[in-house]
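The entries below follow the order in which I looked.

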Amino acid sequence: MFLNILFIIALTFPVAIASTAFNIVDNEQLTTVKERNLGRNLVFALILASGQGVMYLLGTMLGGTFMHLLERLSTWVVLALCFSVSFRMLIDTLKIRNGENLYLIHNKKQSLLLSIALGINAFIVGLMADFMPLFQNMTPFILIGAGFVWSLISMAIPFSKMKLTLNSLLNSIFAGIILVKGLLGLI
């Protein structure tokens, strides 16, 4: 149970990375502009978090159509898919530290496209839901909640170079947690 919670926290961390640039505001802007941006950023955060749950559901539906054919190799499938998620996160770690992973979103369409891109890891985990059930039918809702909380935390911390370094460190740690979960499936 604890490892499943930790796995979901690790899986939804990219939402926090995408939300890093939400609170970048010029010093010349007025407080009212910052307050107006807060409401807009909360909507964007909800869209990004919802993308995690929707992509997980899509992965579950697709995985349900063919994963039963790989049942004898289920432990290796889980390991391979966890490795692919970890690898994607480690590749993103290099981009985070250099500031290349900052997304300045201006409208809901851009937020929707970003939520689809961020949901690829949740989609991959959804593919193996038959072999690694996390919280059964509640998993998409837990993913949405965890993603939204990560986004709120990221928006609350002021933007700085230290924040980018912390994001890349946490992303590396969470990639390791996902890989360990896949390795534990072999045992």
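Entry 1: I started with D92, which lies in helix 4, residues 74–97. I took helices as DSSP runs of H or I of at least four residues, and strands as runs of E of at least two, numbered from the N terminus. D92 counts as partly exposed because its relative accessibility is 23%; buried means under 20% relative accessible area, exposed over 50%, and partly exposed in between, with a 1.4 Å probe and protein chains only. The C-alpha atom of D92 is 8.2 Å from that of S168, and the two residues are 76 apart along the chain. I then looked up L94, also placed in helix 4. L94 is exposed, at 59% relative accessible area. From L94 to S172 I read 9.6 Å, C-alpha to C-alpha, across 78 residues of sequence.

**Entry 2: ground rules.** I noted that this is a predicted model, in which local features need pLDDT of at least 70 and side-chain atom pairs count only at pLDDT 80 or more, while totals for chains, interfaces and linings use all residues. Residues are numbered from 1 along each chain as its sequence is written, and side-chain values use heavy atoms, with hydrogens and water left out.

**Entry 3: the whole chain.** I found eight helices and zero strands in the protein chain. The chain has 187 residues, and 43% of them count as buried. Among contacts with a separation of 6 or more, 91% are between residues 24 or more positions apart; contact means heavy atoms within 4.5 Å.

Entry 4: Is helix 6 largely enclosed or exposed? I have it as largely enclosed by the rest of the structure, because six of its eight residues are buried. The buried ones are N121, A122, I124, V125, G126 and L127. Q136 lies in the loop between helix 6 (120–127) and helix 7 (139–156). Q136 is not a glycine, yet has a positive phi of about 55°. Q136 counts as exposed, with 59% relative accessibility.

**Entry 5: helix 1 on helix 7.** The axes of helix 1 (residues 2–11) and helix 7 come within 9 Å and cross at roughly 55°. That makes helix 1 oblique to helix 7; angles under 35 degrees count as roughly parallel, over 145 as roughly antiparallel, 65 to 115 as roughly perpendicular and the rest as oblique. The axes are lines fitted to C-alpha atoms over the stretch in contact, with angles from 0 to 180 degrees between N-to-C directions. I listed the residues that meet: I8, I9 and L11 from helix 1, and T139, I142, L143, A146 and W150 from helix 7. The contact divides into seven nonpolar residues, one polar and no charged. Here Ala, Val, Leu, Ile, Met, Phe, Trp, Tyr, Cys and Pro count as nonpolar, Asp, Glu, Lys and Arg as charged, and the others, Gly among them, as polar.

**Entry 6: aromatic rings.** I found four aromatic pairs in the structure. One of them is F13 with W150, edge-to-face, at 4.9 Å centre to centre and 85° between the planes. Rings of Phe, Tyr and Trp (its six-membered ring) pair if their centres lie within 6.5 Å; planes under 30 degrees apart count as stacked, over 60 as edge-to-face and the rest as tilted. The pair links distant parts of the chain, with F13 in helix 2 (residues 13–18) and W150 in helix 7, 137 residues apart. F13 is buried at 1% relative accessible area, and W150 is buried at 15%. Together with F174, F13 and W150 form one aromatic cluster.
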